[in-house]
Amino acid sequence: MITFIIQRILQSVLVMLTVALIAFGLFRYVGDPINNMVGQDTSTEERAELRERLGLNDAFLVQFGRFAINAAQGEFGFSYQHRRPVSDLIVERLPATLELSLVSAILALFIGIPMGVYTAIRRNGAVSHAFMTLSLIGISLPTFLIGILLILFFGVILRWLPTFGRGDVVEIGGWTTGFLTASGLKSLIMPAITLALFQMTLIMRLVRAEMLEVLRTDFVKFGRARGLPDRYVHFVTALKNTLVPVITITGLQLGSIIAFAIITESVFQWPGMGLLFIQAIGEVDIPVMAAYLVLIAFFFVVINLVVDVLYYVVDPRLRVDRADSGGH
Amino acid sequence: MLDSDIWYSFCRSPVTIASALLTILFFIGALFAPYVAPFNPFDLASIDIMDASLPPFWQEGGSTKFWLGTDDQGRDMWSTIIFGARVSLFVGFASVIFSIIMGVGLGLVSGYVGGRLDALIMRIADIQLSFPAILIALLIDGVARSVLPRSMHEEVAFYVLIFAIGISGWVQYARTVRGSTLVEKNKEYVQAARVIGIGPAIILLRHILPNVMGPVLVIATIHLAIAVITEATLSFLGVGVPPTTPSLGTLIRVGNDYLFSGEWWITIFPGIALVLLVLAINLLGDWLRDALNPKLR
């Protein structure tokens, strides 16, 4: 148990170091950091002095170490484009992305799981077939197209919902929230649905597959034979046993949601981190890109680590498997 | 592979036949775009700015000459979609081939050599698998773009894109091929080949490779759909193919700007084309997976 956790933590640290190395490589070697900081009229001597003062002449490992320590403290230097500290930009944009992701995750779970259970129980019903067909279309529809279609119907034709931005936000102790104003909530509807739809189909298909598997097992048959009511068998005996993998996958999907938020934010001009990153690519704003790389990798590594450890704690069967294969 | 069982299951499923037909139509359109499309959208001489932003033929002001309407520069939508699908499919195929070469190669080596190398390759695969493919493609593409000087973007955009999408998809192949290789390498024909002194490279390529390619084809079909979606998404985000050779994703991106002025067809028609293409390939892939899976027979 302890070895497994230590092994996973070491692996996470390794991943973070690799990503930090890439980010540092970008930061240090793409273009000249000095050129991006000073104006045209700075003399060569001044540049050389600045170079020395910033430690750009130090050994590679020293520079990388400094970068990594700064990154760990959330310091990524100044954005070339916005002329402000990257950390400020990120802190400003983080609430937008997290609120959007949270609402989408809740939507996906609370619609996806019941749909999955239903399609598994009424396997051959007309509604189940409709759900399955819809989910196939949901998988084939790229996220950005869903967003565009929603904008066309509810924004352009019906004019019910705002098509871009977050609406009015309220600031509470440095955290800007759109939950408290009518326009904020209205602005949230379409992006949240867009982001949730793909995850919803995924969760539905997963729950369905797991449920079908569990419904075939002996203990469910035995429960039926004992004369337990169908409802009890379905929702207590079976559902409880499908939830372990569902919780795991949902946890992992949380990372996906934050990643897919890039696309949704871009469609709806939602002022989150994803939009910041896409704009940074367009403007070759390296510090912002580097910061986003490190941050998104950090989110993923932490989520994966937590899910892996939880899974390991919850499901004793895995302990044997893991010991054999040395990882999943 | 085309034994009668598979042919029978194909004929029994009308959805599969329809999606196969649709896929073939897309392929023909993409291959022979210059002959199939009524106009060449890149031939400036044939474009008349007076035809700009015409709606499709059933709406007022539309004409049957441009049955799906025209875009803001007066290009026939139908023709741009055919040419766009050509670019989308080209990038999709190239990325899938890249993934196959990389994934199958690493999978073969990993399974055959084993030991530390195997552990290393599979650990990297595990780590990559914990990130969504589209994110990896986006990050590689974005980083590669900022590394390269801006003036080179147009020239190398295709290669960068194919590389990024290709890298994001190799894991599936590597894992499958590694598994099959582990099984095959202990079989008698491989041992016989080793005994008569054939080198590992020849054994891998000539003897094991043909026997592990079956599942690869199934993965490749579904992967093609994913690659096309990834390409469209990256192009939509503005980090994909250059606007001079638009793919379906670029067309949707460009058309998106005209959505609010009521010119919905510039973005919706390429969108429908993209969905039909991906849906057809997905359905075909689903069927192929089930048909080749002996458990489900």
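A salt bridge is a side-chain nitrogen of Lys or Arg within 4 Å of a carboxyl oxygen of Asp or Glu. With that in hand, look at the model above, which is a predicted one. Searching the whole structure turns up 8 salt bridges over all chains. Let's walk through some of them.

Start in chain A. Here the side chains of A:Glu92 and A:Arg84 meet in a salt bridge, with 2.7 Å from N to O. A:Glu92 is partly exposed, at 41% relative accessible area, and A:Arg84 is partly exposed too, at 31%. Now find A:Glu213, which pairs up with A:Arg216 in another salt bridge, where the closest N and O atoms are 3.4 Å apart. A:Glu213 has 47% relative accessibility, so it counts as partly exposed. A:Arg216, at 53%, is exposed, because the exposed label goes to anything over 50%.

Next, hop over to chain B. The side chains of B:Arg178 and B:Asp118 form a salt bridge there, 2.6 Å from N to O. B:Arg178 sits in helix 8 of chain B and B:Asp118 in helix 5 (residues 115-129) of that chain, so this pair ties together parts that are 60 residues apart in sequence. B:Asp118 is buried, with a relative accessible area of 11%, whereas B:Arg178 counts as partly exposed at 22%.

Is B:Ser180 buried or exposed? Its relative accessible area is 18%, so B:Ser180 is buried, since buried means under 20%. Finally, trace from B:Ser180 to B:Ile198: they are 18 residues apart in sequence, and their C-alpha atoms are 20 Å apart in space.

Methods: Residues numbered from 1 in each chain as written. Chains lettered and ligands numbered in written order. Predicted model: local features only at pLDDT ≥ 70, side-chain atom pairs only at ≥ 80, totals over all residues. Heavy atoms only, no water. Buried < 20%, exposed > 50% of the residue type's maximum accessible area, 1.4 Å probe, protein only. Helix = DSSP H or I, 4+ residues; strand = E, 2+ residues; numbered from the N terminus.
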